[in-house]
Amino acid sequence: MIDTDRLILRKWNEDDIPHFAEINSDLKVMEYFPKTLSFEETVSFYNRIADEFKQYGFGLYATVLKSTGEFIGYVGFHHFDFQAEFSPGIEIGWRLGHKHWNRGYATEAAKACLEYAGERQLFKHIYSFTATCNLRSERVMQKTGMTRAGSFMHPALPDGHPLKEHVLYRKDL
């Protein structure tokens, strides 16, 4: 568990799934992803997150408001291994329900995650990436002290897809 002034980042439980599914089906939240996720796809994603926690002891943390306990999304770490010059690696990422945007939650939680990883020497460096048009997410990367390391064409997206070009950020811990 990771604690900040306003947030708790914790392991997931099954009660989080319906709230997670609501976030994953929101067109606004998923604007810079290839598609929204169905309930079944969300359950599959939840299971992958749980598997990463079992395998590595860390992952994408369920993020809740300290004041109310409300689930607002996730922030944390994910192992990636798609075909790219910098792969395999560990990514820091976030996805919050849109009613919780513009309050500094993603930045607060991401900074806490980076501090947590650095203190425990979980890995030597970390990446973050998003579609070049996702300026909100890129701004979080900048606010956490990450440095732009370039751009790349995401191999999971077909040529010509409007989200194929991604910015890449990196931070050494």
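1. Which side chain meets that of Glu-138 in a salt bridge? In this predicted model, the partner is Arg-148, with 3.5 Å from N to O. The pair joins distant parts of the chain, ten residues apart: Glu-138 belongs to helix α4 (residues 135–143) and Arg-148 to strand β7 (residues 147–153). Glu-138 is buried, at 9% relative accessible area, whereas Arg-148 is partly exposed, at 45%.

2. Ten salt bridges are found in the whole structure. Among them, Asp-159 pairs with Lys-164, their closest N and O atoms lying 3.7 Å apart. Asp-159 is exposed, with a relative accessible area of 70%, while Lys-164 is buried, with 9%. Another pair is Arg-170 with Asp-172, at 2.9 Å between the closest N and O atoms; Arg-170 is partly exposed (29%) and Asp-172 is exposed (53%).

3. The largest nonpolar core comprises 46 residues, and Trp-12, Tyr-61, Phe-77 and Ile-92 have the most contacts inside it. Helix α3 gives the most to this core, with nine residues. A second, separate core has eight residues, including Phe-80, Ala-84, Tyr-127 and Phe-129.

4. Helix α3 covers residues 105–120; at 1.5 Å a residue its 16 residues should span 22 Å, which agrees with the 22 Å between its end C-alpha atoms. Its buried residues include Tyr-105, Cys-113, Leu-114 and Tyr-116. Gln-121, which follows α3, has a positive phi, near 50°.

5. In helix α1 (residues 17–24), Ile-17, Phe-20, Ala-21, Ile-23 and Asn-24 are buried. Seen down the helix axis, the buried residues of α1 fall within an arc of 160°, so they line one face. These residues pack against α2 (39–56), β4 (71–80) and β5 (89–96).

Terms used. Residues are numbered from 1 along each chain as its sequence is written. This is a predicted model: local features need pLDDT of at least 70, side-chain atom pairs count only at pLDDT 80 or more; totals for chains, interfaces and linings use all residues. Side-chain values use heavy atoms; hydrogens and water are left out. Helices (H or I, at least four residues) and strands (E, at least two) are DSSP runs, numbered from the N terminus. The expected span of a helix is 1.5 Å times one less than its number of residues. Buried means under 20% relative accessible area, exposed over 50%, partly exposed in between (1.4 Å probe, protein chains only). A nonpolar core is a set of buried Ala, Val, Leu, Ile, Met, Phe, Trp, Tyr and Cys residues joined through side-chain atoms within 4.5 Å. The arc is that of the directions from the helix axis to the C-beta atoms. Contact means heavy atoms within 4.5 Å. A salt bridge is a side-chain nitrogen of Lys or Arg within 4 Å of a carboxyl oxygen of Asp or Glu.
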